[in-house]
Amino acid sequence: MSRGIVLKLWLYAALLLLMVVFIGPILWFFLLAIRPPETAFQMPPVLFFRPEWNAFYETFVNPGTNARQLFNSLIVAGGAVLLNLPFSIPAAYAISRFTFRGRKNLMLWYLGLLMAPPVAFLIPYFLVATAVGLTGTYLAMVLVLQTIMVPFSVWLLKSFFDDIPADLEASAALDGARLHEIWWHITLPLATPGLIVTAMFAFVFAWNNAAFPLVLSDQDTATLPIGTLGYFGSAGITWNNIGAAAVAAMLPPMLIFLVMGRYVVRGLTFGSIKG
Amino acid sequence: MAAVAYADGARTTPPSREKRRRQRLPLILIAPSIILLTALVAFPLVFSLRNSFCFWNLQMSPKPLGFIGLGNYRAAIEQSDFVEALRHTLTIAVVGTAIEVALGLAIAHLLAVRLVGMNFCRALLIMPTTIAPIVTGFLFRYMYDAQGGLIPWLIRTAHLPLPAQGLLGNEHTALWAVLAADIWQWTPFCAIVLFAGLLSVPDEIVEAARIDGAGGWTILRRITIPMIRKPMAFVAALRLMQIFNLFDLVLVLTRGGPGSASRTLSYNLYQQGLVDFNIGLSSASTWLIVIIVNVLIALFAVFAFKDIV
């Protein structure tokens, strides 16, 4: 065998190992959701069994608690995205199009907020939300999520505005179009794909946040992961149900990332690396 | 029609006013986001600062119970849980970042090879990173289970030593077991971003170096890494900071235990404030963390982010 073929085989082996290590655990969790309960902790692992959909039925149809939490997750993440756009679109546009004093520091400030420890804000938010009666409301969660949503969206959106040639706007202005006309008829249509990409990544960001709902939600407004956390407190954890709830929590971000394709790197780096 | 309107406007408006309007516009566009964020961020910080000088346990009173000066700060440092948590946090942040970036860079090189099915694998590889950290916690708690977990079984099958209380129950392994879950989740992130960086390294340069007799290691050190400096700095800084803030995984996997063996700064803060309800102490810890975080971010601003903004 030539050296080239041997090398190729090694590379395929490495790729296979990579997939087993990083994708295997996810499949293992999917299997947990559909395997017979008595095989959940059976070692050596039981890989062949008749799939049961009972766990999904129990967690999302039967008592309906997780179904409610799934709905809550959608409301909180969706609400956080909708609230953030009116704040971040103008800011991102201004940072992309104009030069002004402090522009760079402003960007660094947004980035600093993205890197701040959320738990540091958690306790004051909890105290104030309790004092004004906002604990357990969607509003409290959607509002405090803005501390990460706005900086993230500004950064990502700015990279999309940067891609739209300023010449287009300038020539429209020369033709006599007003600022708001330029914005509505030229910039916005060109920026729409970027807006959708940003909104989807921001949705994942909010969907995956657990720190804020952990403290600010209650029984009725708990998001899916926080609701699932409740299983651990109760005696006799039903791991199949945890698996089913976790699969439901994992699927939306996974699908969004698969759809995003070539924008994944840009989304993950807040637009700073175009990929 | 529009042209006429604009020309009219231009004639009636003195150029200086038009110019001032242009200057004011970006500020008007940015102001809402700054006001919102300042309100959301400054307020908790100021509130914490005041509380940090007060004795206040929420189980005793809904209001602060009196001014005690720097007492909370002294308690935070002297009771040593803060210092211990800081040591844990810095250790895993540095070790975790180093492993994730190094492993990520190696995987990025593998991803750059042309193989059948590579595009498919690249798209799948990012999946761990898309999962909520708290759900990753569920996954690893299942896989770490001391009796029937997949990981202990693999370790036992390989005849490697395994603590009797399980990896999460042993004080020497708990913190590292938590970090392993983070490494699993974020190494793909490093790999994918660094792979994007590798694509920008021109093949001709690497080819030319090879013809000149440079080995793989020299090419990596002298050509590849300098050319992907920007994504590497970004990834390393982001990971360092995110591991520094590690909370969700600790919450699900160990709750800081056994004892305080796997407490991170963020978990310690949560424990003080929202489990023990010692608001004064947790506020002092908050401010100590805020100071450390600001120093770190300032360092990043100078060294890691100066060419990406």
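This is a predicted model: local features need pLDDT of at least 70, side-chain atom pairs count only at pLDDT 80 or more; totals for chains, interfaces and linings use all residues.

Trainee: How is chain A divided into domains?
Mentor: For chain A the assignment gives domain 1 as 3-52 and domain 2 as 70-235 + 249-268, and the C-alpha centres of these two domains are 35 Å apart.

Trainee: Why is chain B called more spread out than a compact globule?
Mentor: The globule rule gives 19 Å for 309 residues, whereas the radius of gyration of chain B is 26 Å, well over that value, and so chain B is described as more spread out than a compact globule. Along the principal axes, its C-alpha atoms fill a box of roughly 85 × 70 × 35 Å. Chain B holds 15 helices and 0 strands, and buried residues make up 40% of its 309 residues.

Trainee: What share of the contacts in chain B with a separation of 6 or more comes from residues 24 or more positions apart?
Mentor: Such residues account for 69% of those contacts in chain B.

Trainee: How many residues of chain A and of chain B are in contact with each other?
Mentor: On the side of chain A there are 77 residues, in contact with 71 residues of chain B. Helix H1 (residues 3-34) of chain A gives the most to the chain A side, with 13 residues, and that side divides into 62 nonpolar, 11 polar and 4 charged residues.

Trainee: What makes Phe270(A) count as buried?
Mentor: The label needs 20 or more other C-beta atoms within 10 Å, and Phe270(A) has 24 such neighbours, so it counts as buried. Phe270(A) lies in the segment after helix H12 (264-268) of chain A, and it has a positive phi of about 55° although it is not a glycine.

Trainee: Is His159(B) buried or exposed, and how do you know?
Mentor: A residue is exposed if 12 or fewer other C-beta atoms lie within 10 Å of its own; His159(B) has 7 and therefore counts as exposed. His159(B) sits in the loop between helix H8 (150-157) and helix H9 (174-199) of chain B, and its phi, near 60°, is a positive value in a residue other than glycine.

Trainee: Why does Val81(A) count as buried?
Mentor: With the cut-off at 20 or more neighbours, the 23 C-beta neighbours that Val81(A) has inside 10 Å mean that it counts as buried. Val81(A) belongs to helix H3 (residues 65-97) of chain A, and, not counting residues up to four places away in sequence, it touches Ala199(A), Ala202(A), Phe203(A) and Ala206(A). The C-alpha atoms of Val81(A) and Ala67(A), which are 14 residues apart along the chain, are separated by 21 Å.

Trainee: Which residues have the most contacts inside the largest nonpolar core?
Mentor: That core has 163 residues, and those with the most contacts inside it are Ala206(A), Ala246(A), Ile192(B), Val193(B) and Leu194(B). H9(B) gives the most to this core, with 17 residues. Leaving aside neighbours within four places in sequence, Ile192(B) is in contact with Val264(A), Val265(A), Leu125(B) and Ile126(B).

Trainee: What makes the peptide bond from Met43(A) to Pro44(A) cis?
Mentor: The bond is called cis with its omega near 0°, and Pro44(A) lies in the loop between H1 and H2 of chain A. A cis peptide bond also joins Gly257(B) and Pro258(B), with omega about -5°; Pro258(B) is found in the loop between helix H13 (248-253) and helix H14 (265-275) of chain B.

Trainee: Where in chain A is the confidence lowest, and where is it highest?
Mentor: Confidence is lowest in helix H2 (residues 54-61) of chain A, at a mean of 82, and highest in helix H6 (residues 138-163), at 94. Chain A averages a pLDDT of 89, and 97% of the residues score at least 70.

Definitions and conventions: Residues are numbered from 1 along each chain as its sequence is written. Chains are lettered from A and ligands numbered from 1 in the order in which they are written. Two residues are in contact if their C-beta atoms, placed from the backbone, lie within 7 Å. Helices (H or I, at least four residues) and strands (E, at least two) are DSSP runs, numbered from the N terminus. Ala, Val, Leu, Ile, Met, Phe, Trp, Tyr, Cys and Pro count as nonpolar, Asp, Glu, Lys and Arg as charged, and the others, Gly among them, as polar. pLDDT is the predictor's confidence in each residue, from 0 to 100. A nonpolar core is a set of buried Ala, Val, Leu, Ile, Met, Phe, Trp, Tyr and Cys residues joined through C-beta atoms within 7 Å. Domain bounds come from an automatic or database domain assignment. The radius of gyration is taken over C-alpha atoms; the globule rule is 2.2 Å times the number of residues to the power 0.38.
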